[in-house]
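This report covers strand pairing and the packing of a helix on a sheet. Please have the sequence and model open.

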Amino acid sequence: MNITEILAEEFKIRRNQVEDTVKLIDEGNTIPFIARYRKEATGGLSDTILRDMEERLTYLRNLEERKEEVIRLIDEQGKLTEELKNQIREATILRRVEDLYKPFKKKKATRASKAREKGLEPLADIISAQGSENPAEAAKAFTDEVTGEERGVADSEAAIAGACDIIAEKISDDAETVEAVRNRTLEKGSIVTEAADPEEKTVYDMYYEYSEPVSKIPDHRILAINRGEKEKKLKVKVTVDSEAMEELIGKSVITDEKSTWTEILRATVEDAYKRLLAPSVEREIRNMLTERAEASAVKVFAKNTEKLLMVPPVRGARIISIDPGYRTGCKVAVLDETGRLRAYTTVFPTEPRKDIRGTEVTLKKLVEKYDINTIVIGNGTASRETEEVVAEFIRKMGGGIRYTIVNEAGASVYSASKLAAEEYPDLDVTVRGAMSLGRRLQDPLAELVKIPTKSIGVGQYQHDINQTLLEGALDNVVEDCVNRVGVDLNTASPSLLSHVAGINMGIARNIVAYREENGPYHNRKELKKVPKLGEKTFGQCAGFMRIAGGDNPLDNTAVHPESYGIAGDMLERLGYSGAELNSEAALTDIDDRIWERYGEEKKPARRGKGLAALAELSADKPERNMKKAVEKLAADLDAGVPTVADIIEEMKKPGRDPREDAPPVVFRNDVRSFDDLEVGMELEGTVRNVVDFGAFVDIGVKNDGLVHISELSRKYVKHPMDVVSVGDTVKVRIIKIDREKQKIGLTMKL
């Protein structure tokens with residue numbers, strides 16, 4: 001198996017792209033570094049494709065290792081044939097390798113193994129051969145030698161039964177038979193569920209008498225059924241037409257329908273399927289469905305998390321951050337524009353004290369003293385009641401203040417964590433939680449990286465799926481987001497720095513310690529003085545570190561230090577002065593200068609025939625072929641085109657934050673009650689979560705409304721993520737209200 005060719009075919013890329021990418025991965029380069037600074041080698045592959053390729057590369061290499069191990073194990077038993085070796089080597093999936101190895105695996109004591117110990121395998125061969133002899137006579141002739149109390153074979157009937165056990169096990173171990181049964185079950189089988197206790201009312205009511213084809217059941221239902229089974233509320237099984245399955249198996253076992261052994265073999269096939277194959281294949285298919293559903297859920301969770309992490313920071317927000325509560329009150333933290341804690345207190349606007357007047361007095365003092373322009377409210381317990389008080393307070397203040405709701409998932413996890421205790425040892429956990437909510441608005445990425453990503457709460461069934469798979473995927477998402485944005489070397493926390501390419505938490509702490517001891521960094525080269533940050537690590541991380549106002553303006557861009565020479569040479573060739581080279585100002589005319597020196601006018605496309613077309617052609621203005629101009633510039637610099645193109649983009653917008661392209665945070669000035677909602681109302685809301693079956697949208701009441709996948713668009717929607725993302729602002733219409741359950745059905749088909 002040629003791994004390079006397989007990857008090239010699967011990812012639809014050139015062979016040399018695969019070879020160069022694999023080499024970079026094997027050399028220990030991180031995916032963010034490869035994606036950003038080795039585009040010439042990869043052909044500009046994105047970080048997403050690179051991660052998928054790395055995962056697939058690992059699978060294929062593990063597959064090759066397993067093949068060689070299986071070949072060795074079978075060979076040690078003296079049972080390896082050239083045909084079998086070739087079959088194993090030609091396998092493209094691990095399941096096929098395990099199917100081929102199954103007959104040679106050491107098993108615990110089985111009915112078949114006991115029959116072999118009694119010397120009944122030759123009789124099994126006679127039966128399988130389907131000769132013309134009379135079964136009873138053939139069995140008696142054979143069993144005269146093996147019957148007896150000391151051998152455990154009482155008579156010919158017992159001998160035939162034991163021989164059939166051997167045949168049944170051979171049938172269940174045959175790779176082709178297993179694959180045929182598996183494929184037929186996947187194609188024709190059904191998932192059937194029933195209630196463990198039909199009298200008990202649970203959230204799994206819809207699955208109390210439920211059936212759905214294995215080939216069609218969606219991933220979110222698989223996870224729901226699995227959860228119901230785990231909680232012992234549901235019984236689950238895979239069903240298929242057993243008679244049709246036995247007929248399928250029988251075609252390869254019964255070669256002569258007129259044989260005297262036919263009825264015995266039919267009974268053996270039935271036993272092989274029902275006792276051995278069906279339970280094994282059912283377990284396998286349940287596992288396959290679960291793995292598929294988990295992989296899908298992880299992708300949804302990862303995509304939602306990426307969108308949440310890339311929400312734009314709200315600059316200049318002076319914040320009152322409120323963590324709502326009932327009995328113990330609402331914890332309040334006051335933050336300045338930089339996120340520094342200025343004050344904290346507790347107010348009691350909710351039951352049981354419901355001190356609205358006292359809350360308003362406290363908020364007014366804080367607003368006036370710290371010039372507050374934004375109030376942040378967590379969306380947990382007592383959020384709705386707190387929001388009503390805040391909205392009325394803003395109305396009385398006469399405007400100038402805005403408020404928003406933030407998802408507080410994971411805030412309590414962070415506030416009680418070891419990391420929070422290290423950062424703010426003198427603060428109570430409740431104050432840390434309120435601070436975290438406010439900082440999520442000021443810089444979501446910097447704050448959310450402190451929280452275990454699976455606790456952020458933008459997915460489905462996150463506690464039911466493979467935690468190793470989930471954590472690995474989410475760690476990758478965080479790493480990609482952090483490196484896409486870049487970090488301020490002079491303000492970043494160890495938590496944020498630890499997600500920069502090549503940096504672990506130990507080195508991140510060393511970076512901060514060096515900064516605290518020696519003052520702010522003035523250039524990227526100073527990173528080499530940080531303990532345990534060697535040349536290799538510097539190469540991986542340097543381009544993602546930012547230093548504003550440092551010695552070199554390029555240090556505040558994504559230009560890697562290894563390309564500083566190219567950047568300087570390029571700018572000098574384009575005629576920029578020394579003052580311009582030493583400035584962090586945007587070079588807005590750089591395209592014009594490139595065009596002046598390297599441009600060739602591109603003739604406009606002819607759009608017709610005859611004299612009219614000629615007149616139209618002469619009236620058109622020539623288009624700039626900037627791609628060709630950049631290619632000429634790169635050749636002049638003896639540098640790669642992608643590298644030069646990236647440097648040009650950085651020069652246009654030095655220090656640019658890519659999160660600026662995302663939808664802005666939606667602020668409010670008032671609040672609406674659930675009782676105010678009516679079917680038919682059209683509202684604007686923010687997408688809070690996207691799952692397989694739809695999207696949850698915050699429309700300003702306590703509970704988010706659901707836009708089912710069927711209501712996302714008038715066109716067919718394969719997955720909700722094809723239409724909406726976390727953080728999107730959308731227009732919706734209410735189509736259903738369940739006031740008892742406080743559920744809202746929405747549509748985007750306006």
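Strand 1 (residues 190-195) pairs with strand 2 (residues 209-213) in the antiparallel sense, over 5 bridges. Pairing requires that DSSP finds at least two bridges between two strands. Strands (E, at least two residues) and helices (H or I, at least four) are DSSP runs, numbered from the N terminus. Strand 1 also runs antiparallel to strand 3 (residues 234-239), joined by 6 bridges. Serine 190 stands opposite proline 213 in strand 2. In strand 3, the bridge partner of serine 190 is threonine 239.

The model is predicted: local features need pLDDT of at least 70, side-chain atom pairs count only at pLDDT 80 or more, and totals for chains, interfaces and linings use all residues. Residues are numbered from 1 along each chain as its sequence is written, and side-chain values use heavy atoms, with hydrogens and water left out.

An open sheet holds 5 strands in the order 6-5-4-7-8, with mixed pairing. Strand 6 (341-347) and strand 8 (402-406) are the edge strands; each pairs on one side only. From one strand to the next, the twist averages 20 degrees. Helix 16 (residues 356-370) packs on this sheet and touches strand 4, strand 5 (330-335) and strand 6. Contact means heavy atoms within 4.5 Å. The direction of helix 16 makes about 170 degrees with that of strand 6. Axes are lines fitted to C-alpha atoms, for helices over the stretch in contact; angles run from 0 to 180 degrees between N-to-C directions.

Within the sheet, isoleucine 322 stands opposite isoleucine 377 in strand 7. The strand pairs compare as follows.

| Strand pair | Sense | Bridges |
|---|---|---|
| Strand 1 and strand 2 | antiparallel | 5 bridges |
| Strand 1 and strand 3 | antiparallel | 6 bridges |
| Strand 4 (residues 319-323) and strand 7 (residues 374-378) | parallel | 4 bridges |
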